[in-house]
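Let's work through a few exercises together, each with a solution you can follow step by step. Keep the picture open while you read.

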Amino acid sequence: MPVPWEALIPFGLLTAMFGVAGTLVNVTQRAQNQGKPPRYSIDNWDTMMMKRDKQLTGHTRGQSANPVAPSEFSKNSVWTADQLL
């Protein structure tokens, strides 16, 4: 059975476009996460730690090795006025 050579050009284009699209999605996700892979199966503990990291560093993926919180941390609260009532 002969190979239909005309079908190889669209097949190559489709393969290349899926590869480019997957690579771009991976690059954009890593760029948003400061070069780290995306998080999956986030539970309540992870959510609390992400909020804490956001307060300490300004980014949910940022981490600080400083054992003392900055002075702005005392005024930077996740509680809003309606949650206090």
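**Exercise 1. Find the partner of Asp 53, and say whether Asp 53 is buried or exposed.**

Step 1: Start with the side chain of Asp 53, which makes a polar contact with the side chain of Arg 52 at 2.9 Å. A polar contact here is a pair of N or O atoms within 3.5 Å; within protein, one must be able to donate a hydrogen and the other to accept it, and residues adjacent in sequence count only if both atoms are side-chain atoms.

A quick word on what you're looking at: this is a predicted model, where local features need pLDDT of at least 70 and side-chain atom pairs count only at pLDDT 80 or more, while totals for chains, interfaces and linings use all residues. Residues are numbered from 1 along each chain as its sequence is written, and side-chain values use heavy atoms, with hydrogens and water left out.

Step 2: Check for a salt bridge, meaning a side-chain nitrogen of Lys or Arg within 4 Å of a carboxyl oxygen of Asp or Glu. Arg 52 and Asp 53 form one, with their closest N and O atoms 2.9 Å apart. By this rule the count comes to one salt bridge. In general, side chains of opposite charge can pair when their charged atoms come close.

Step 3: Look at accessibility, where buried means under 20% relative accessible area, exposed over 50%, and partly exposed in between (1.4 Å probe, protein chains only). Asp 53 has a relative accessible area of 6%, so it is buried. Arg 52 is partly exposed because its value is 37%.

Step 4: Asp 53 sits in helix α2, residues 44–57. Contact means heavy atoms within 4.5 Å. Not counting residues up to four places away in sequence, Asp 53 touches Gly 58, His 59, Thr 60, Gly 62 and Gln 63.

**Exercise 2. Work out which residues Arg 61 is in contact with, leaving aside its neighbours within four places in sequence.**

Step 1: Locate Arg 61 in the loop between α2 and α3 (81–84). Helices (H or I, at least four residues) and strands (E, at least two) are DSSP runs, numbered from the N terminus.

Step 2: Read off the contacts. With those close neighbours in sequence left aside, Arg 61 meets Asn 33, Gln 34, Lys 36, Pro 37, Pro 38 and Arg 39. The side chain of Arg 61 also reaches the backbone oxygen of Pro 37 at 3.0 Å.

Step 3: Check its cover. Arg 61 counts as buried because its relative accessibility is 9%.

Step 4: Come at it from the other side. Asn 33 is in the loop between α1 and α2, and at 16% relative accessibility it counts as buried. Leaving aside neighbours within four places in sequence, Asn 33 is in contact with Pro 38, His 59 and Arg 61.

**Exercise 3. Look at phi for Gln 34 and Ser 41: what is the value for each?**

Step 1: Recall the background: most residues other than glycine have a negative phi, and most peptide bonds are trans.

Step 2: Take Gln 34. Though not a glycine, Gln 34 has a positive phi of about 55°. Gln 34 belongs to the loop between α1 and α2, and it is partly exposed because its relative accessibility is 44%.

Step 3: Now Ser 41. Here too phi is positive, about 55°, in a residue that is not a glycine. Ser 41 lies in the loop between α1 and α2, and at 71% relative accessibility it counts as exposed.

**Exercise 4. Which part of the chain does the UniProt annotation "transmembrane region" cover?**

Step 1: Go to the record. The unreviewed UniProt entry puts the "transmembrane region" at residues 7–27. UniProt positions are given in the numbering used here, feature names are shortened, and annotations may be inferred rather than shown by experiment.

Step 2: Compare with the model. Residues 7–27 are 95% helix and 0% strand, and their end C-alpha atoms lie 30 Å apart.

Step 3: Pick out Phe 11, which lies in helix α1, residues 8–32. Phe 11 is exposed because its relative accessible area is 56%.
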